[in-house]
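Have a look at the model first, then read on.

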Amino acid sequence: YDADALVPRIETLEGPVHPDDTPRFTAAVQAHVDGRTPEYRCEMRLRRRDGGWSWVLAAGRVTERDEGGHALRLAGMHIDVTATKALE
């Protein structure tokens with residue numbers, strides 16, 4: 001996907017996550033946003049624009065919280081680990 005095509009919101013990312021991986025990804029992000037983990041990290045499948053699936057390692061952390069401790073900004077990255085998963 002082109003960066004311009006993606007709205008910078010967590011809901012944008014949840015759409016292309018494989019249905020079997022969504023609960024694990026959501027739980028990892030929520031645990032971090034709630035302050036129970038120092039970062040989030042999850043391997044999951046994402047739908048490509050061509051309709052196929054790629055394995056990615058998603059990792060990130062909250063970079064800004066309000067005075068009440070609520071997450072305001074989350075930054076992260078995706079690393080394609082499809083080749084590694086194929087070897088497994």
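The points below go from the overall layout to the salt bridges.

1. Some housekeeping before anything else. This is a predicted model, where local features need pLDDT of at least 70 and side-chain atom pairs count only at pLDDT 80 or more, while totals for chains, interfaces and linings use all residues. Residues are numbered from 1 along each chain as its sequence is written, and side-chain values use heavy atoms, with hydrogens and water left out.

2. The layout. You'll find three helices and three strands in the protein chain, and from the N terminus on they come in the order α-α-β-β-β-α. Helices (H or I, at least four residues) and strands (E, at least two) are DSSP runs, numbered from the N terminus.

3. Burial and surface. The protein chain has 88 residues, and 27% of them count as buried; buried is under 20% relative accessible area, exposed is over 50%, and partly exposed is in between (1.4 Å probe, protein chains only). Its accessible surface is about 6100 Å², with 52% belonging to carbon and sulfur atoms. Those areas come from the Shrake-Rupley method with a 1.4 Å probe, and for residues only the protein chains shown count as cover.

4. Contacts along the chain. Take the contacts (heavy atoms within 4.5 Å) between residues at least 6 apart in sequence: 37% of them join residues at least 24 apart.

5. The structure holds nine salt bridges, each a side-chain nitrogen of Lys or Arg within 4 Å of a carboxyl oxygen of Asp or Glu. One of them pairs Asp21 with Arg45, with the closest N and O atoms 2.8 Å apart. Asp21 sits in the loop between helix 1 (10-14) and helix 2 (22-33) and Arg45 in strand 1 (residues 40-47), so the pair ties together parts 24 residues apart in sequence. Both Asp21 and Arg45 are buried.

6. Arg61 with Glu39. These side chains meet in a salt bridge at 3.3 Å, N to O. Because Arg61 lies in strand 2 (residues 53-65) and Glu39 in the loop between helix 2 and strand 1, the pair links parts 22 residues apart in sequence. Arg61 is partly exposed at 43% relative accessible area, and Glu39 is partly exposed at 28%.

7. Lys85 with Glu43. Here the closest N and O atoms are 3.0 Å apart. Lys85 is partly exposed, with a relative accessible area of 22%, and so is Glu43, at 32%.
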